[in-house]
Protein chains: 2
Amino acid sequence: MSFFRIAIWRASRRPGSRSLATDAHIPLSYAAICVWGANTGVGKTLVSAGLAAAVARAETGFPADSDARTVASTCGGDLAVGPHAARLLPSGGGNPAYSSSSRLAKTLFAWRPAVSPHLAAAGAGEGVADAAVLRATLAELHAYEGRGPYLRGDCLALVETAGGVGSPGPEGLPQADTLRALRLPGLLVGDGRLGGISATLAAYEFLRARGHEVPFIVLAEQEPGTSAAVASLVGRGATQVLSLPPPPAAPTAPSAAGDALLVPATIDAALADWLQRTGSAFDQLRGEVLAQHRQRVEDLATSAQRAQRALWWPFYQHAAARQPVTVVEARHGERLLAFRAEAPDAELGDEGAELQPLYDACASWWTQGLNARAQGAVLRAVTAAAARYGHVILSGTVHTPALQLAEALLRLPGHDWAARVFYSDNGSTAVEVALKMAFRTYLSRKPDLAARAGVVKGDAPAGEAHSNLSPSIELGVIGLTEAYHGDTLGAMECVAPSPYNGPKQTVWYRGRGVFLDPPTVALEKGVWTLSPGKDARAAESKEGLPSPAGAFGSLAELFGPREVEQAYYRAAIETRLDALLDGAGLVPGRPVLQGSGGMRLIDPAYQRALVAACQARGVFTGFWRLGSPTAAHLLKISPDIACYAKLLTGGLVPLAVTLATAEVFDAFKGPSKLDALLHGHSYTGHPTGCAAALAALRCYTDATINPNARALQAAAAEAAPLSLWGENTMRELSHLPGVKRVSGLGTVVAVELEVPDAGYASNAAEGVLARLRARDVFARPLGNTVYLMCTPMTDEATIQDLINALREALLAETA
Amino acid sequence: MSFFRIAIWRASRRPGSRSLATDAHIPLSYAAICVWGANTGVGKTLVSAGLAAAVARAETGFPADSDARTVASTCGGDLAVGPHAARLLPSGGGNPAYSSSSRLAKTLFAWRPAVSPHLAAAGAGEGVADAAVLRATLAELHAYEGRGPYLRGDCLALVETAGGVGSPGPEGLPQADTLRALRLPGLLVGDGRLGGISATLAAYEFLRARGHEVPFIVLAEQEPGTSAAVASLVGRGATQVLSLPPPPAAPTAPSAAGDALLVPATIDAALADWLQRTGSAFDQLRGEVLAQHRQRVEDLATSAQRAQRALWWPFYQHAAARQPVTVVEARHGERLLAFRAEAPDAELGDEGAELQPLYDACASWWTQGLNARAQGAVLRAVTAAAARYGHVILSGTVHTPALQLAEALLRLPGHDWAARVFYSDNGSTAVEVALKMAFRTYLSRKPDLAARAGVVKGDAPAGEAHSNLSPSIELGVIGLTEAYHGDTLGAMECVAPSPYNGPKQTVWYRGRGVFLDPPTVALEKGVWTLSPGKDARAAESKEGLPSPAGAFGSLAELFGPREVEQAYYRAAIETRLDALLDGAGLVPGRPVLQGSGGMRLIDPAYQRALVAACQARGVFTGFWRLGSPTAAHLLKISPDIACYAKLLTGGLVPLAVTLATAEVFDAFKGPSKLDALLHGHSYTGHPTGCAAALAALRCYTDATINPNARALQAAAAEAAPLSLWGENTMRELSHLPGVKRVSGLGTVVAVELEVPDAGYASNAAEGVLARLRARDVFARPLGNTVYLMCTPMTDEATIQDLINALREALLAETA
């Protein structure tokens, strides 16, 4: 007989890993469920035994109403195991000796003596789910059972947890956190005693607040009405609540020492009686667990098709999609779990559905900044703020999250220059706000121009028709070619003409500005090499200044002072700007590293020169994305206006800010409301986003959460350029065959492939991306550039794994 | 001696209210704390007694190390009360007899027999915090103590809860939900037994997930290491964890029946000993509770000033602010709790700081759609989704919340017409997306125009310069005067010239369209009266059609078929449109009720005529805001493109959708990625917002949550106009002196005041708004229009309260 089996996950690729592998593949070819307890002593093991007995009956035709004692004696007791089962998770009283009665009954990990898990973990120095043990057990199971049907179909794997949902595991986190990565549906054994409603409800929400699905709550009911109350409070639909008779009296009281909870050879009469009376309930539960599993796999399997019918994806050609749709089941830290219908299974030797962990190397459009631990911290801050405030209008009003975040931003990116924080919803709206700020500020510096435009402080004269059509001035921005500032029409006006703003997308685009072609820098065969933009060359003839060096030994040299080259660039820029008459000096360049243009690293000396050449300076920078608090910090420049979005909330919800100097703010003061900045969004400064941002900001610099905190802060203190991927690694990559150039800074490394058809529409990178995908890396193309983006918190081991995957993919593609 | 007092909240204005008054004012002139239990039997009463003893010592100079037995005997036992204390909250074993020993020792409410609160509540048919009992107790306390110092300063009020944090109260909700409205800081008595880490942590998060601050956790530690583990898991900073010695053995075991938990006349030696040993710890705790209270009031008192230094508010003239800043401490359902430094206190006869409950009658810029119960349901759905998914890129990928929401939207507002859902972040970006969709769709219908614009499917020819500057066509929108579609520059182009888009705000605005002046309807002295727009009159001379009736008996008549009038309007509209050559037929009018223009109710026959007159129709409507699923539904028209935002998430986080027909979607199909809609936001379809929207959509139609669900659905079934304020009520308001016109539909009622200086900049409404504020209603002005906005879930009693407040304010202002 094989009653049930535990879920066995393929082990981490990193041997010796002490925590549950977050890069484990999770098979879906059989049902699995995780048994949680609302508390200790609520009957988890009893429920596991009952469910095991139901599996046994279903497999053997064992009648539910007879000889329950026999069934129970093989699968009941402290440990809900049959002879072919094994346990993944720690137990207070697991008995390793018991497993010797069958060579396949393994307790994979147990703490001894039977004390609270956090103490045992501290003393034992052992982790759960050790990779080597898992692998050996898997091999044993195969040797015994042969291949095929045993791990397929109606087979039910059962993982029993230790203690309550929040009992800490060896990582120091509640086990409900540790097990998040596995996406097991949960069966919560509730507390049926007095006070049990509260305990059950709190445990249920604890699991839900970690993303666990909890389709079942089972209560051995001692206090009448408990299950009914729980059912009414957890709400309809998602969770079934099953009431069982009160549990039998415990056969022996647990003692503090040793093996007091060992499985007795036979079970007592009260337990056998309870198992017999609950037999039909467990039979039904087993059926529903299996049905729920089938439904889950069915939902996953049909999601791609349903999405293709209902969604309109951004930046996606629905008529010519070559890639299959990625169905994402969950995120855990930096990884997504994606459904795969037919995954090759090396250990089992056949194919089956699974959840594939994918490193999110596009950081979900560059938004992600947190590891799993930080995500938990941010989530709890968000939940508390959302519960306390919901949303509150923010105009002439204030709430603590918006206030604290504004003050924090004025302290860090705004230090020494910014006076005010204006909230909006995303980078694109933050840019629109910055534009309006720049317009007015520029006009306030040029009273003649303001008069020509009809801009006078105070209310509009009564009865006068609005004269705002075609004001007799033209203001434009100074931008960089291949820049990107968002897709609202105002932000689109700030970039040079391209297929992205052509008449296919909008017939209103005019390109209101002057767009300079900046010099960029990338590693070519190990050397940082300059590609001068065409606008830079203009200076040479005019000023006679020496042109910049063509090569640099290191990022540090590149970001060094370089005054002479800066003067050269400035002359070049002024040559171009002389052509402008009334241009506003706004610079909406996302400086240093241009993303959508293919991760172009713009010469920092040029950026500094551009800022110096402009009166009004707007600098758009990314939070910690470049290994520095902001790009302005790295360039040692002080902007007038700055926009932050994406990483601002750590990657949870949209929120953006536009920071401005006192001069900019004062330009909007006046006797009339019409003098104010009449721009606002409904969810301005929403507490959820502000709380996320505050928590995320703390996490970035918290060394107990962010393993890179010290390195980042050291680099920030010197405004030194830092690559989390390692400058040497980038240099090495640039020597690989088929690689034209390598660029990157902070969290980004980008490899430009040597191909004939460059540009966004190019599909050159697809082969490399497919190979990365097979290695559990989810990357997205930028034309013939392949980039990987980690978070500011990515640990060294993950970086190494990713670089290895990239190197192998590049080599294989050119082999 | 007066050891401590319970917090006494002024009772609800609605006598007989059975639930805790959500409109209660909350005094801040003395410290209050709520004592929660991680479970039953963890020692809540013990901790309350210890804290009470500390207060006694501080007030009397009683030494901490002597005669603890005496202190304990006066304040210990089952009920932590001294002779002058009273209890607000239910207890399983409260003893009403005990209170007869002093005429001021009141148990305000107790359940008998001592069973689980939910059962007692079901049997007793009684609610907590009955208004009359509270009022009587307050009077008694005053009679005994006199006024002044007793409820001021270092006085500590203590509210002990019953059972665990999730134990249900009489409303059927966990008491942690019921007590949310009071914003009491929490002291959680943790579980110091084996398994207590998990139980304490889960209870802590349960409270935090309801917006409770929990500055203190106190554990009577039986299992060593528990408090240290709890301290490490709740994180640093916000919460102090205090460890106490194991509790004394319980004097008597509770029995299931009767009054077994009654306070003994004297306490036993073990308890006295425990209280003595913990004396200094409780002395310190008392000090920290008081310090925490002072800090809280200090933070609230300085927030306005800090906000004025750091924030840049939207639509706010910082130089000429007349209104004090509103500091919002929390939201509970439809009410905000705002700090008031000097509130007149009718009962106490003096002034002190308080939290004032304010009905959010601007629905925080029209975003709010949920009552307190629905907010809880949405919050839990959001927490689960945020924990499971964080954010996941949505392009060629899919996750369940985005998929399910898209399918739900195609079923409800999209039924019969929409084929696709495009996600963005707010209404303004949804309009920008709609604009781009309309441009392309229009060009796909006009191949000649497309050819002139250079729009050809496929990749851009290699090597050809981008020719997207000044395409030789001009497309504009057809809009309505005084419309508003958002503040991004593209959305601003879709409205007529006004001070909001003049050169003070942007020098780029051109007003790309034709803007019609629609006829509007409002109640004047009880009659729905038409104000024909100037564009409507044009038809008369041209077509000879009879002009529309000038008056209507009811909303139902107004929204009736009216074919003849519709034909008249259509002729009028076509007269204007004839002037247009290449105008795109997009109608970005927020139809039916125009908000920012002063809540103008546009003649529905005109709206229908306008849609009929246009080929490409874009209709922008609000979810349930108008008492109908959407405005399109109410007008019985089928749009090509529709935008939804604001209420979409119920009012928690920004999220917007643009729905489109298959024709619109197909216009973006092509062989090249460049043919696709190249518009996207980083947080496209973020799971948090999608989960909120899904949960909110369910709540709107759930009769167990929304008291108006049936009325709304009945009206929707017939596409009948519905006012939650009552058409008769609106009619009555229109007869009041000083009222020019009254308008409204669904959740909105708007009163236009009779004043000389109409328009947005007018301050005419300020007097009325100030009077509303004094009646706990937070409304915002729209020029000389005062409007109240409820949610689709607002109950009848609240509507009546609000109407009474409005009527009184209007009468008082003109008196």
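B:L187 belongs to strand β6 (residues 186-189) of chain B, and β6(B) pairs with β7(B) in the parallel sense over three bridges, where pairing requires at least two DSSP bridges between the strands. I then followed the chain from β6(B) through helix α7 (residues 196-208) of chain B to β7(B), a β-α-β crossover that is right-handed, that is, clockwise from the first strand over the helix to the second with the strands pointing away from the viewer. Helices (H or I, at least four residues) and strands (E, at least two) are DSSP runs, numbered from the N terminus.

The model is predicted: local features need pLDDT of at least 70 and side-chain atom pairs count only at pLDDT 80 or more, while totals for chains, interfaces and linings use all residues. Residues are numbered from 1 along each chain as its sequence is written, with chains lettered from A and ligands numbered from 1 in the order in which they are written.

I also noted that four bridges join β6(B) to strand β2 (residues 30-37) of chain B, again in parallel, and that B:V35 has B:L187 as its bridge partner.

Turning to symmetry, I noted that a rotation of 180 degrees with 0.0 Å of shift along its axis superposes chain A on chain B, with RMSD 0.1 Å, by least squares on the C-alpha atoms of residues with pLDDT of at least 70 in both. The two copies are therefore related as by a two-fold rotation axis. Of the residues of chain A, A:A202 comes closest to that axis, at 2.7 Å (C-alpha).

Terms used. Buried ≥ 20, exposed ≤ 12 C-beta atoms within 10 Å, placed from the backbone.
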